[in-house]
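Okay, thanks for making time, everyone. I'd like to walk you through one model, so let me put it on the screen.

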Amino acid sequence: SLGELKIVVYRLTEIIVLLTIGLLITFYILKPVYEYYGISFIGNVWVNWFGVAYIFFVLYTLIFGFIFKGNHVYKQRLTSILFWLIFIGSNYVVFIPFITGENPF
């Protein structure tokens, strides 16, 4: 139906926008910060990109989940164990190089 199509288009747009923002943050903010601290920004950069994009996705979900408290999509995300486990993994991917001094990916 038309309503379902609108939801699919909205979610697809949401994903593309969040991945694009994650990519921009990865290359224009994270890369210079890594280089400033002497951490090489080589290898599987897409892992860092996904980590940054997912952290941004969680922040987006928290903000919109707070604004639209009755929305079941945001409620399901925020109560999902997998959602939070991937968030923990994403933080590890992005921030562990500051502790170890090198990018393991």
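Let's start with Arg 11: its charged end sits over the ring of Tyr 74, 5.9 Å from the ring centre. Keep in mind that this is a predicted model.

Now, Tyr 74 counts as buried, because its relative accessibility is 3% and the cut-off is under 20%. Arg 11 is on the buried list for helix H1 too, along with Glu 14, Leu 18, Gly 22, Thr 26, Leu 30 and Tyr 34. Why that kind of spacing? An α-helix has 3.6 residues a turn, so residues three or four places apart point the same way. And what covers those buried residues of H1? The cover includes helices H2 (45-67), H3 (72-78) and H4 (81-100).

H1 itself runs over residues 2-36, and at 1.5 Å a residue its 35 residues should span 51 Å; the end C-alpha atoms are 50 Å apart, so that agrees. There is a bend, though, of about 40° at Thr 26. Just after the helix, Gly 38 takes a positive phi of about 75°.

Okay, rings. The count is 16 aromatic pairs. Take Phe 27 and Phe 41: centres 5.8 Å apart, planes at 85°, so edge-to-face. That pair links helix H1 to the loop between H1 and H2, 14 residues apart. Phe 27 is partly exposed at 37% relative accessible area, while Phe 41 counts as buried at 10%.

Conventions. Residues numbered from 1 in each chain as written. Predicted model: local features only at pLDDT ≥ 70, side-chain atom pairs only at ≥ 80, totals over all residues. Heavy atoms only, no water. Helix = DSSP H or I, 4+ residues; strand = E, 2+ residues; numbered from the N terminus. Expected span 1.5 Å × (residues − 1). Bend = angle between axes of the 7 residues up to and from the residue. Buried < 20%, exposed > 50% of the residue type's maximum accessible area, 1.4 Å probe, protein only. Contact = heavy atoms within 4.5 Å. Phe/Tyr/Trp six-rings, centres within 6.5 Å; stacked < 30°, edge-to-face > 60°. Lys NZ or Arg CZ within 6 Å of the ring centre and 35° of its normal.
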